[in-house]
Amino acid sequence: MDSNPRGFASDNYAGVHPRVMDAIVKVNHGHEVAYGEDSVSARFDEVVKELFGENSVGFPIFNGTGANVVALQAATNRWESVICASSAHIHVDEGGAPEKMAGLKLWTVPSDDGKLTVEQAKSQIFDMGVVHRAQPGVISITQTTEMGTLYQVEEIRQLADFAHENGLLLHLDGARISNAAAALGESFRTFTTDAGVDLVSLGGTKIGAMAAEAVIVTDSSSEIGSALADAMPYLRKTSMQLASKMRFMSAQLVALFENGAGLAISNGQHANRMAQLLYQGVVDLAQKSNLVSVDNPAEANAVFPTLPEEITLALQQKYRFYVWNQQTGQVRWMCSWDTTEDDVRGLLAALAGELGL
């Protein structure tokens, strides 16, 4: 497999980081109590408190969709709904799981950059108390977004304040939270707990895990946070997200996120650097050919150039990647923790060749 060039379709394509694989092997001995009552999961509990604050609680989950669905169920009553960007993963890429599995109505807001502003969220705050409209119960944002953009700390704080002023909670889908922290140069806590986020879907798989995510309740000491933390174990079980041999999931999360999320941040920094190298290369090519453009800045580990269809099809014979907008020809190139400079230069050389440069 190593003889094939690494693709740019998704950071899910990357393998398991060696330190994560080692962590799995190290806990694969003897017997431990099942369903999370093991010593490795106890260590993950400590790591969560180190990252998100002493009152935070973490719940390992199999995958990102599961984490989002369980978190949103905890944040809503049966009659409530979720406000999110129209490009949000929970709306576009989760097979309708929030609707089908959690029974949630999603109120989507158009957003060119994938981010929600207070004004955009405010557009869905009407008919409150009217029985004919699914009542908003939570705002869900993604960090980084599906468009590769990044929320600044103050933007999250403003959304949290707005949500709480209107009796809503704020959920953060952190499938790429490590790339965000690396780009911001901030700790996880700064743009989650301290900014007022109530629930976090903590992403592990995209940053080097095999299959490990988690839901974080940021403040279980508050009345709302206590209710969330009390509900999570039952929702996780009924949502088929409770692992029996949880030590193997917890081991992955500990390896990535202990010591201030050192490994996850380092992986995020590398992926972001590769995306910057790729972005600058595309910008340089765009200055030489009007066949390619790149309008979106690369704020983390994603690059979104726009290409003619024939060039896209030719490049896809050599590298895997997705067309992001069928109408405009915009594609998405994702860099991973194991993307190399040679990978980036190879893609840029292939693009230059197709452009006749």
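A residue counts as buried when its relative accessible area is under 20%, as exposed when that area is over 50%, and as partly exposed in between. In this predicted model, Glu354 has a relative accessibility of 31% and is therefore partly exposed.

The structure contains ten salt bridges. Three of them are listed below.

| Salt bridge | N to O distance |
|---|---|
| Arg176 and Asp11 | 2.8 Å |
| Arg345 and Glu341 | 2.9 Å |
| Lys318 and Glu354 | 3.9 Å |

The side chains of Arg176 and Asp11 form a salt bridge. Arg176 is located in the loop between strand E5 (169–174) and helix H8 (177–184), and Asp11 in the segment before H1, so the pair ties together parts 165 residues apart in sequence. Both residues, Arg176 and Asp11, are buried.

Glu354 pairs with Lys318. Lys318 belongs to the loop between helix H11 (309–315) and strand E9 (322–325), whereas Glu354 is in helix H12 (residues 341–355), so this bridge joins parts 36 residues apart in sequence. Lys318, at 46% relative accessibility, is partly exposed.

Arg345 and Glu341 are four residues apart in helix H12, and about one helical turn therefore separates them. Arg345 is partly exposed at 45% relative accessibility, and Glu341 is partly exposed at 38%.

A network of salt bridges links Arg43, Glu46, Glu50 and Glu258.

Helix H1 (residues 18–26) packs with helix H10 (residues 247–286) at an angle of about 135 degrees, their axes being 8 Å apart. The two helices, H1 and H10, are therefore oblique to each other, and their crossing is right-handed.

Met21, Val25 and Met210 make a nonpolar surface patch of about 280 Å². Met210 sits in the loop between strand E6 (199–203) and strand E7 (213–217).

Definitions and conventions: Residues numbered from 1 in each chain as written. Predicted model: local features only at pLDDT ≥ 70, side-chain atom pairs only at ≥ 80, totals over all residues. Heavy atoms only, no water. Patch = residues over 30% accessible without salt bridge, like charges linked within 9 Å, V, L, I, M, F, W, Y side chains within 5 Å. Areas by Shrake-Rupley, 256 points an atom, 1.4 Å probe, with all protein chains shown as cover. Salt bridge = Lys/Arg side-chain N within 4 Å of Asp/Glu carboxyl O. Axes fitted to C-alpha atoms, helices over the stretch in contact; angles between N-to-C directions. Parallel < 35°, antiparallel > 145°, perpendicular 65-115°, else oblique. Left-handed = near helix turned anticlockwise from the far one by under 90°. Buried < 20%, exposed > 50% of the residue type's maximum accessible area, 1.4 Å probe, protein only.
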